[in-house]
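Morning, everyone. Please bring up the sequence and the model, and we'll walk through some of the packing.

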Amino acid sequence: MNRESIQKLGGKVVSAFGAENVVCILLHGSLLFNPHLSPQDADLVVVLKQKDRGDCVLLRKLIVQSRLSRLPVQLHLVYMEEIPANADFFSLHTCGPFFICHLRQAEVLFGENVFDAVSGPSDYHLQLSLLQKIQQYTFQLRNLVVKTGRISEGELRQARKRSIVVLKDLLMSAGKIVQQEGEIVLEATDHFRDFLPEELEFLQWLLQEWITPSSDTATRKFLQQCLAIHERAYDIMRKQMAKNEKCRFLS
Amino acid sequence: MKNCIVCLPLTIPSEVKTGLALTPFVVSMVSKLTGVASVCCVNLMGLRYEGLEANEIAQRLESFQKLLYRLGTPIDHYWIDSNAKHIARLQRYCENLVMVGELQSRQTATLICKCGAVEMVAEALHPDWSMEHKVLRREKGNMFCVLCNMPLEAKHKLCLMLESRFVDRALDTFPSFYAKEVEALRREFSQPLLISRQKKGDYRVSLFGKTWRLDTDFCWSLLFCSLMEDGFNPSVVVVSNRSLKPLVWSLGISRKLSDNLQNMTVIVTPFVRFERGKPQSPRVNMLQELIDRYGQSPIRLLMASGLKWDQKDVVVSSSTIFWALKALSRESVTTTPDTSKVPLSLSEALQMMGGNLVDRFVTDLRKENRVPLSRYQNLLFGRRV
């Protein structure tokens, strides 16, 4: 049902902006790769040829009309002139050049995947952008663990999701682009032997159906475990980056 | 009829290796430069697909087509051996071969394995000529099928035999040094070939008052005749130097049925192996992983680098991608590209496509020399010709 609605939304975007102006509409993220895990949002990228000041307002209107109320749409609007020929100069939201590789695996709802025509990223920028993303996720999760107020369901789910995403990023740094959660955990723990037994056990638990922690104590424990995974991934990534002479960490 | 450039049928695996896409890559590039239509032939029948559901096979074809598209090497027309139109034509092709005395029914001693993957004439002078040579193993003078691992059993059966003395018509090859090899292969094809099957084979024809199962390789080998009925004139065919035998076989059979297949040029690609450089780089022999990781232009340059016409075996290291990325990042130093629309001749296009020229071009760009772009280089860079 969600997929159908997204497809319809894509059709409406093409009608509203004109087929000649829409370069491509891409679906990526959990709705595409892990639909069995009750995705929290639908990730779309719309690439347009020509810029108009009313574009964002029109897109918002189309999303509201599509009544995807149960599935918020995370839509990124990009213009052709903003896409660099060299992926090293690209970033989207919190993601750097590596995200081009991810977008190349998106499902094309309309047009041609323009990111196939972008070159790279170079190995250096791929590694650097992955390191920065794991850094960002780790520091954000530390903030959440320190937070004194109530932890929302959304924050908990995000911590869970990101605990697997950081493994996906590790795999990408090793040249493997994997999208399905089960496969990510399996491949990452097989490739990187640094995980402790309790971390491996927690990762297996994460793959099971989501159950909201029942108490504040359980919530805090869950976040600590997620942080342990983030920090392990960050540690592995730092070690990898330290092999590059340009990158040195203070000990 | 539309002139076309064509490659021999490709069997599509679940994961497409970079080397497999090399012949369609050449087909697409030459097509764009010379203006002739591009045709990619695909084999969707036979041993490699056993046990797969029809939708899984269709999915493989669709993924392969998408992959070529993503590489920026689209194909105008796909010829599929399992296509209903082609299958319907087989009866007529066989009847015509019977009429000219090239196809006969004979009591013949055959060798057959338990699973049916291997069936061959027992007295075959050159067992290598059997199209099943890939699934044959010789051990202490006995022949075994590598699939069922059983020795071949002798059986005396009524069989369909094809006369395989192919007519003496030379082929133009590029590079020209393959001409002798092709001619030698043509001459050596001189024994009657078994084309009926007892166990395997999905195509059936009625001849000599009997229904016969046909060998899958025989069926696809009639592709040139079938293409002409589809309105294409195959004037150029692209093969890897490891596929010269199937080329001689398929062209030889098709020429028995048509006089219109005389002037054909064969482009022979070297056998190219793509090797991984650094351990953290993606599997360089897996095309989809490469495109996902680097995009289409670096991979086109990688593949183009392998087309060193003066060599028979070429090894391309993944480090080529690193240099290609460096070159592409300096794309702005190129001078105005050649945007002429006049189609090139085949020889002009092929000279332009030499892998050594591609390597020099990448080096020049890295050194920030101003480089005039040829039309082929425009295509490699993803610019429209």
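**Helix packing, a sheet and the chain contact**

Start in chain A, at the contact between two helices. On the α5(A) side we have A:Gln127, A:Leu130, A:Leu131, A:Ile134, A:Gln135, A:Tyr137, A:Thr138, A:Leu141, A:Arg142, A:Leu144 and A:Val145. They meet A:Leu223, A:Gln224, A:Cys226, A:Leu227, A:His230, A:Glu231, A:Ala233, A:Tyr234, A:Met237, A:Gln240 and A:Met241 of α9(A). By class, that contact has 14 nonpolar, 6 polar and 2 charged residues. Keep in mind that this is a predicted model.

Now the geometry. Helix α5 of chain A covers residues 123-146, and helix α9 of chain A covers 216-242. Their axes come within 9 Å and cross at roughly 155°. Angles over 145 degrees count as roughly antiparallel, so α5(A) is roughly antiparallel to α9(A). The crossing is left-handed.

Over to chain B. Which order do the strands take in the open sheet? The order is β11-β13-β12, and the pairing is antiparallel. β11 (196-197) and β12 (203-207) of chain B each have a single partner strand, so one side of each has no neighbour in the sheet. β12(B) is joined to β13, residues 210-214 of chain B, by 5 bridges. One pairing to find on screen: B:Arg204 has B:Arg213 in β13(B) as its bridge partner.

There is a helix here too. Helix α3 of chain B, residues 84-99, lies across β12 and β13 of chain B. Its direction is about 40° to β12(B).

Last, the two chains together. 15 residues of chain A are in contact with 18 residues of chain B. The chain A side has 7 nonpolar, 6 polar and 2 charged residues.

Definitions and conventions: Residues numbered from 1 in each chain as written. Chains lettered and ligands numbered in written order. Predicted model: local features only at pLDDT ≥ 70, side-chain atom pairs only at ≥ 80, totals over all residues. Contact = placed C-beta atoms within 7 Å. Nonpolar A, V, L, I, M, F, W, Y, C, P; charged D, E, K, R; others polar. Pairing = 2+ DSSP bridges. Helix = DSSP H or I, 4+ residues; strand = E, 2+ residues; numbered from the N terminus. Axes fitted to C-alpha atoms, helices over the stretch in contact; angles between N-to-C directions. Parallel < 35°, antiparallel > 145°, perpendicular 65-115°, else oblique. Left-handed = near helix turned anticlockwise from the far one by under 90°.
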